[in-house]
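Have a look at the model, then read on.

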Amino acid sequence: MNDIFKLADDLGPLKVIHVHEPGIGLKGALVVDNVARGPSVGGVRMAADVSTEECARLARAMTFKNAAADLQHGGGKAVLWGDPKMPKQQKETLIRGFCCALREVEQYIFAPDMGTDEECMGWVKDEIGRVVGLPRELGGIPLDEIGATGFGLSHAVDVAQDFCDLKIEGARIVVQGFGAVGKHATKFLCEAGAIPVAISDSTGTIHNPDGLDVDALIASKSAGKSVTEYVPGEKLDGDAIIDIECDIWIPAARPDVIHEGNVNRLNTKLIVQGANIPITYAAEKALHQKGILNIPDFIANAGGVICAATEYQGAGEVAAFTAIEEKLRRNTREVLQTALQDQILPRDAALAMARRRVEQAMSYRRWHIF
Ligand code: NAD
């Protein structure tokens, strides 16, 4: 508990709630960080090694992410202790028990995260109704299927053209990770005239300087094949994706893939972060010094969370795409303009923008954070 008190600052957390029901082996925690902009949204993470402190840090990240995305939502997060691969009936009992215990905490809206999925959110809907990330049959918008985050990424790139020596038409793109984010980002950018020259997945890299056929790659990936089975192209190991010269480099796989030890290998004009924290802060500084424009994760990959907020309002896919386009363009421009004007890292500009938005919302409140 002391750790939580050490983490407390002028923004939050507002509430830290522990839930324990020995009868069903339920142990969990909810942290509502800040709700000045509206009820908090953040996923329920299920894992065997979760902690309240981790939950508080993730809740703060959601406060900033939601404010940076310009959503009328604060930040929160919940953690549930246990192996997410436990028998389904046991998992259902825990999820149902957890959300029932938090029924009265209207400042928190449930959402999926690592270890929980749409089906789990369906159980939450059945019990308490306050949830996003639902299956389509229950009014959910399947954000990975429609490519919400990749669509947002393509708009961030479009705006970035005004801030670096780059035109999407004919730009060579390199994409690390070809899952929900990587596939759709590639597809939307190809529709705008970009040419994918290298793509990797967990098995390796495929490279062809004349361009790769994105539709063929998506079809082959859907058939369960690796991107390296694509022809014609040179098959390379996964790490080689960092060295390939391009105009736009998109990390869309794992955290911390670019660090001080490899950042100087990148040969690109623009980086758009699809994955969460794919580049360390020290590496971002190095990129800034080299004049490589870098759009941080919580600005560039906000399409998913904007889609979830749209679902919560009861609107559909068309409204989600409209909101993603409008918000991604405005937020990317504001961040890049500030970074340029103040000669600071885009990440620092984005964090300052998010904090300012939260503090402005707090200034209208009688009590500061709720
Ligand atoms: P996904 O599981 O659909 O796809 C991940 C892809 O990365 C797969 O193709 C996998 O083969 C590949 N991969 C794994 N390890 C790799 C490695 N070492 N090198 C190259 N490729 C590797 O996941 P996703 O939903 O596309 O998410 C990707 C990243 O984006 C994650 O960091 C996620 O947290 C983040 N993100 C996703 C969304 C979303 O809407 N899905 C939104 C915001 C952020």
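Q: Which element gives the largest share of the lining of the second largest pocket?
A: Bear in mind that this is a predicted model. The second largest pocket has a volume of about 270 Å³. His288, Ile292, Leu293, Leu340 and Pro346 are the closest to its centre, out of 17 lining residues. Two or more residues come from each of α9 (281–290), β13 (293–295), α12 (317–342) and α13, and the largest share, 3 residues, belongs to α12.

Q: How do the residues lining the second largest pocket divide into nonpolar, polar and charged?
A: Under the class scheme used here, Gly counts as polar and Pro as nonpolar. With that, the lining of the second largest pocket comes out as 10 nonpolar, 4 polar and 3 charged.

Q: What volume does the largest pocket have?
A: Its lining takes in 49 residues, with Lys65, Lys77, Asp113, Asn276 and Asn301 nearest the centre of the largest pocket. The volume of this largest pocket is about 1,700 Å³.

Q: Which element supplies the largest share of the lining of the largest pocket?
A: The elements giving two or more residues to that lining are α2 (52–68), α5, α7, α10 (297–300), α11 (303–312) and α13 (346–362). The largest share is 5 residues, and it comes from α2.

Q: From which domains does the lining of the largest pocket draw at least three residues each?
A: By class, that lining holds 26 nonpolar, 12 polar and 11 charged residues. As for domains, at least three lining residues come from each of domain 1 (2–60 + 74–136) and domain 2 (148–316 + 324–356).

Q: Which residues come nearest to the ligand?
A: The shell around the ligand splits into 7 nonpolar, 9 polar and 3 charged residues. Of the 19 residues around the ligand, the nearest are Asp144, Thr149, Ala180, Val181 and Asn276.

Q: How far is a backbone N or O atom of Ala180 from an oxygen atom of the ligand?
A: A polar backbone atom of Phe178 is 3.1 Å from a ligand oxygen, and a polar backbone atom of Ala253 is also 3.1 Å from an oxygen atom of the ligand. For Ala180, the distance from a backbone N or O atom to a ligand oxygen is 3.0 Å.

Q: What percentage of the ligand's accessible area does the protein cover?
A: Ala180, for one, puts a backbone N or O atom 3.0 Å from a ligand oxygen. On its own, the ligand has 820 Å² of accessible area, and the protein's cover amounts to 68%.

Q: Which elements give two or more residues to the shell around the ligand?
A: The protein covers 68% of the ligand's accessible area. The elements that put two or more residues into the shell are α5 (143–146), α7 (180–191) and β8 (195–201).

Q: In which loop is Pro13 found?
A: The peptide bond from Gly12 to Pro13 is cis, with omega near 0 degrees. Pro13 belongs to the loop between α1 (2–7) and β1 (15–21).

Q: What is phi of Asp256 near?
A: Asp256 is in the loop between β11 (248–251) and β12 (270–272). Its phi is positive, in a residue other than glycine, with a value near 55 degrees.

Note on methods. Residues numbered from 1 in each chain as written. Predicted model: local features only at pLDDT ≥ 70, side-chain atom pairs only at ≥ 80, totals over all residues. Heavy atoms only, no water. Near = heavy atom within 4 Å. Polar contact = N/O pair within 3.5 Å; in protein donor to acceptor, adjacent residues only side chain to side chain. Areas by Shrake-Rupley, 256 points an atom, 1.4 Å probe, with all protein chains shown as cover. Helix = DSSP H or I, 4+ residues; strand = E, 2+ residues; numbered from the N terminus. 1 Å grid on protein atoms, 1.4 Å probe; cavity = no way out; pocket = protein on both sides within 12 Å on 5 of 7 lines; lining within 4 Å. Points joined across faces, edges and corners; volume = space filled by probe spheres on them. Domains from an automatic or database assignment.
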